[in-house]
Amino acid sequence: MRIFIYPIICILFLLFSFLSIQPLSQCLGFFVFFLLPGLLLIQNLRPRAGIVEKLTYGFAISTSISVVTFLTLGLFLKLSEVIFIIPLALLVISAPSTLELRPLRGIKKMRREKLFYILMFSLLIRTILLLQIHTIIGHDVGRFSIISHTLVLKDKITLDLRPYDDAKGFFYFPAAFIIPTILELIGFDPIFGVTIFLITTSIFGILAFYLLILRIFGKQLALRAAFFYAFLFDPILHLGIFGIFPNAMSIFFVILSMITLYEILNGKETNIWISSLIFFGIYAFHLYPILMLFIFTLALISEKILLEGLRTIKIALSKFPTILLIVLVLSAPHLLLSRDYLPISFRKENIADLMMFAYERINWQISEKLLYSLAGTPLGGLISPLSIASFIFLLLTAPTLYKKAPFLLLFCLYAFIFSFLVISEFNLVRSVIALWFIYPVVLSLLLRKWKANFLILLLFFWIESQSPLFLMWYFWSSKPEDVPWIINPSFFETIQFIKGNIPQNSKFLIDGGGAGCTGATPSYGERIFPLTSREIFFFTNYCWADYDRKIYEHKVEIYRRISIDPDDEEAILELKKYGVTHIYIGREHLALNPELFLKSQKHYEVIYQKDGEYIFQIK
Amino acid sequence: MGSTSSKLSRWAYFLIAQAVSITLIYLLANLLVHQPTIKLSVNCSMLSRDELSCKFSCNLVPECFGEIDGRIVVLHFNWVAIYDNTTSLRCRANNTFEIDLPRRNYSFKLRAAVYGEEYGISYTTLEC
């Protein structure tokens, strides 16, 4: 069947966006920006690729293309224009070349396969998780949506976030703020949009992992490995759901890059453009995961040397300069824009800042480091019984791995050594997830019965581990203390109240504020700005942004004084100087005590009070 | 014979590759990870307490030479700063700070760092 599917989608998106008809504009916009460009490219460059490959690479390539195009055009044009120019360009490009309903070919066939059921079940699990937590938790999504919402309000790409944030400029990986910007401009609220994007990436991540193992071991083992990856180990979901979404999404591109490297080093045909866009995806989201790729490359090269000597390596590596050059060109607009702010992350005060947050880990004993490198989780400091069991399985299956893919054993060894060496660094503890690529494989080498495997999954609802199944049970059964892990529905009611009742030019002092590089606000009050456009009195000094340290410290000082005594006249005067009109205290009271504010009728009037959430107006 | 020598040379290359790989990993890790080498001691004592706040006196002694940049942060709920002060500290001497914190029946975390050519960190809790 041949129809004009792509141009029709572009036209409908433009029409629905123009008429602000949601959620149609959101759904079509998601397709136009995050699937269509890649599908067009892959159909031309790899016409014989299967449906799984087309969809997975289509999503990855589209994301890279959209990020680089949007950023580059945004430097010269208004963002509200760019969001229409890209679909218009796609409309023109897609009209002559894609008159056939090709990408949907094979979906019928796929429906009969196990992979289809794995995907459907994975989607179900992730949807339930989404219903439980409503949006990504943690703080990164808050700070990046502050940036993206600032760009939307300013209608241009800029690194100066004032007056909405104190940063005069910053260096961060571009997709972290471009993706929420695009999502907001196609009709999503940026935080929910990023959540949907994360779940989509997690699903495509399963497919990418399947494709990787398919190339190494063949179909049956790839299916079982994808099954264990999806339900027990998914690092994209694990990191992303707790807020570290740029790092999580970068892992998706790392998996696809592993495929590229595997193909190149095995002398298979690879397309330079597709490979470059995949590698660019890593830079676009976050560079930390590239360390895993580096280790993977070393392992692959070692295996090739053992099996074939040096000659093949020389031929294979000859492709890399071209790929690196294209990646550099794609990164150039962002690098040129933010080059002045790149050194901020390497300032001594920022390195010391991260060290302070890793205080406990720096003092670990060697035995603790060893155990954590093998079985730790990157967040929460858990030694996972699932990883311990998988490591035992790894020892049992080592002879099989040595016969079939010796580089995977080397990868385990290198990953373990690297994790052990970097575990005391605050952010690099995430390297422990490198072994999560191997554990599903070793499980699938030993556990071959599908029905039994499904039964095994049931255990992981109750065993504390990195499995999304346990997360579901955890969010359902307990109310975590200390850190407000869940965003309560009451928060969204407060947001609705603010939208409907509080003037647009208001400014909120929020309970909680970011300290240094972690920059977290556990009250989630920072989300008031991207969700309602009301400004927040927010103190942050992220270690990748240019802040006036004195202003930051002064803001913390005002916050501390108000937290001690809401009637502190001098502090109230300072707040008024900053234009603060309201105080927001979330359900988890941190420094600001609502009881004290309720008593102080001279300075504050409570205008909202529901389910532990408070808004006070400053008189 | 030829095949045996070829195998041997491959194993030799392989062993060299292992040595190179592990050295590269070690060098990369060393480049990325900074370890604190300056001893920094922090001692805090409560000076007074009333209905609203607790007043602490904290003394920092970095084991370095001359002067060094330092930062003292008090956090509540793990990440949120309620006190943040960047200043210059005298090495091998008492550097005293007074810190007022709100009464919350909570263990505030005081984290301190010094940084120059080398780094030093320290940690204590303040109950208020």
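This report covers the domains, a strand trio and the chain interface of a predicted model.

**Domains**

| Chain | Domain | Residues |
|---|---|---|
| A | domain 1 | 1-110 |
| A | domain 2 | 113-474 |
| A | domain 3 | 489-618 |
| B | domain 1 | 1-33 |
| B | domain 2 | 40-127 |

In chain A, the C-alpha centres of domain 1 and domain 3 are 41 Å apart. In chain B, the C-alpha centres of domain 1 and domain 2 are separated by 48 Å.

**Strand pairing in chain A**

Strand E1 of chain A spans residues 507-510. E1(A) pairs with strand E2 (residues 535-537) of chain A. The sense is parallel, with 3 bridges. Here Phe508(A) sits opposite Ile536(A) of E2(A).

E1(A) also pairs with strand E3 (residues 582-585) of chain A. This pairing is parallel too and has 3 bridges. Leu509(A) has Ile583(A) of E3(A) as its bridge partner.

**Interface between chains A and B**

How many residues of chain A are in contact with chain B? The count is 43 residues of chain A, against 40 residues of chain B. Several helices of chain A each give at least two residues to the side that touches chain B: H15 (290-308), H18 (348-357), H19 (359-362), H22 (406-422) and H28 (549-564). H28(A) supplies the largest share, 7 residues. By residue class, the side of chain A that touches chain B holds 27 nonpolar, 9 polar and 7 charged residues.

Technical notes: Residues are numbered from 1 along each chain as its sequence is written. Chains are lettered from A and ligands numbered from 1 in the order in which they are written. This is a predicted model: local features need pLDDT of at least 70, side-chain atom pairs count only at pLDDT 80 or more; totals for chains, interfaces and linings use all residues. Two strands pair if DSSP finds at least two bridges between them. Helices (H or I, at least four residues) and strands (E, at least two) are DSSP runs, numbered from the N terminus. Domain bounds come from an automatic or database domain assignment. Two residues are in contact if their C-beta atoms, placed from the backbone, lie within 7 Å. Ala, Val, Leu, Ile, Met, Phe, Trp, Tyr, Cys and Pro count as nonpolar, Asp, Glu, Lys and Arg as charged, and the others, Gly among them, as polar.
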